[in-house]
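Biologist: I'd like to walk through a few local features of this one with you. Can we put it up and go residue by residue?

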Amino acid sequence: AKYTGPPGLMALQSHCYPQGMPALELVSLTKRFGDKTAVDGLSLSLEPGAFLGLLGRNGAGKSTTLKMVTGLLKPTSGRIRVLGLDLEADPLAVKRQIGAMPEDMALLDMLTGPQYLRFVGRMYGMPDALIDGRREELFDTLDLAPGPKTLIADYSFGMKKKVALCAALIHGPQVVFLDEPFEGIDPVTSRTIKDILQSLQQRGVTLVLTSHILEVVEKLCPLIAILDEGRLKGFGPLEDLRRSGESLEQLFVDLVGGAQKGALSWL
């Protein structure tokens with residue numbers, strides 16, 4: 001399946017991509033852990049500027065997929081191409097162009113937030129002045145103001161999520177992968193993050209987001225992919241997938257199956 005983003009976004013990225021080159025292409029992507037197949041022959045293609053909501057029940061393969069496309073986990077088989085680059089053949093070139101916010105955040109807890117972002121920025125070859133300027137802007141936008149000597153280990157869960165988002169965006173990536181970015185985030189910051197993501201998409205950045213908050217995905221993501229037991233159950237523009245008046249929740253339940261368990265026996 002293939003989807004072309006909103007008109008005009010390809011033009012914004014013409015200096016980065018050959019005409020018609022997908023921003024992300026997965027071909028028969030498979031990951032097995034022993035006898036369990038976590039991702040089973042996943043194939044899809046995203047054009048620059050697409051905003052994909054990747055959905056599925058717990059254990060459906062969403063986080064495993066994101067770990068593979070960001071180079072954190074090696075596929076059992078299949079191919080991953082990002083911005084025309086093969087991830088297996090040229091992993092460093094791919095990682096320079098992407099931003100990732102993994103589910104577990106993977107922060108360096110014994111650094112302060114500014115120290116951690118200085119470390120991340122340097123890994124991308126950014127000068128310190130640029131790192132610090134962007135960090136100040138990100139902290140201000142996300143209302144993140146930890147004490148100057150407070151370690152990340154002492155941050156609240158929500159503050160850690162904000163730092164992880166800053167680390168994913170500080171180098172100006174062309175493709176961004178976000179695993180549950182709204183979990184543990186207050187409503188005001190949630191609105192700010194939505195605005196940031198929509199602004200990125202308008203500038204031609206390709207985004208892939210997982211979330212169990214279907215109302216957020218329904219409002220943010222014009223493109224939907226639904227996984228169940230590692231297999232792609234539905235992919236395409238939301239308006240094409242759902243029937244007239246059907247909510248994303250109902251579409252999701254229809255595709256993956258929603259057993260009616262009923263009430264608990266003692267309640």
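This is a predicted model: local features need pLDDT of at least 70, side-chain atom pairs count only at pLDDT 80 or more; totals for chains, interfaces and linings use all residues.

Biologist: Is Asp143 buried or exposed?
Modeller: Buried means under 20% relative accessible area, exposed over 50%, and partly exposed in between (1.4 Å probe, protein chains only). Asp143 has a relative accessible area of 63%, so it counts as exposed.

Biologist: Which residues gather with Asp143 in a patch of negative charge?
Modeller: Patch members have over 30% relative accessible area and no salt bridge, with like charges joined within 9 Å and nonpolar side chains (Val, Leu, Ile, Met, Phe, Trp, Tyr) within 5 Å. A salt bridge here is a Lys or Arg side-chain nitrogen within 4 Å of an Asp or Glu carboxyl oxygen. On the surface, the residues gathered with Asp143 are Glu137, Asp140 and Asp186.

Biologist: How far from Lys162 is the nearest side chain of opposite charge?
Modeller: Lys162 sits in helix 6. Lys162 is buried yet has no salt bridge. The nearest side chain of opposite charge is Asp186, at 4.1 Å.

Biologist: Which side chain does Lys162 meet in a polar contact?
Modeller: A polar contact is a pair of N or O atoms within 3.5 Å; within protein, one must be able to donate a hydrogen and the other to accept it, and residues adjacent in sequence count only if both atoms are side-chain atoms. At 3.3 Å, the partner of Lys162 is Thr189.

Biologist: What separates the C-alpha atoms of Gly158 and Thr189?
Modeller: Gly158 is also placed in helix 6, and it is buried because its relative accessible area is 13%. Along the chain, Gly158 and Thr189 are 31 residues apart. Their C-alpha atoms are separated by 9.5 Å.

Biologist: What phi does Leu83 have?
Modeller: Leu83 lies in the loop between strand 5 (77-82) and strand 6 (85-86). Leu83 is not a glycine, yet its phi is positive, about 55°.

Note on methods: Residues are numbered from 1 along each chain as its sequence is written. Side-chain values use heavy atoms; hydrogens and water are left out. Accessible areas come from the Shrake-Rupley method with a 1.4 Å probe; for residues, only the protein chains shown count as cover. Lys and Arg count as positive and Asp and Glu as negative; His and the chain ends are not counted. The place of a charge is taken as NZ of Lys, CZ of Arg, CG of Asp or CD of Glu. Helices (H or I, at least four residues) and strands (E, at least two) are DSSP runs, numbered from the N terminus.
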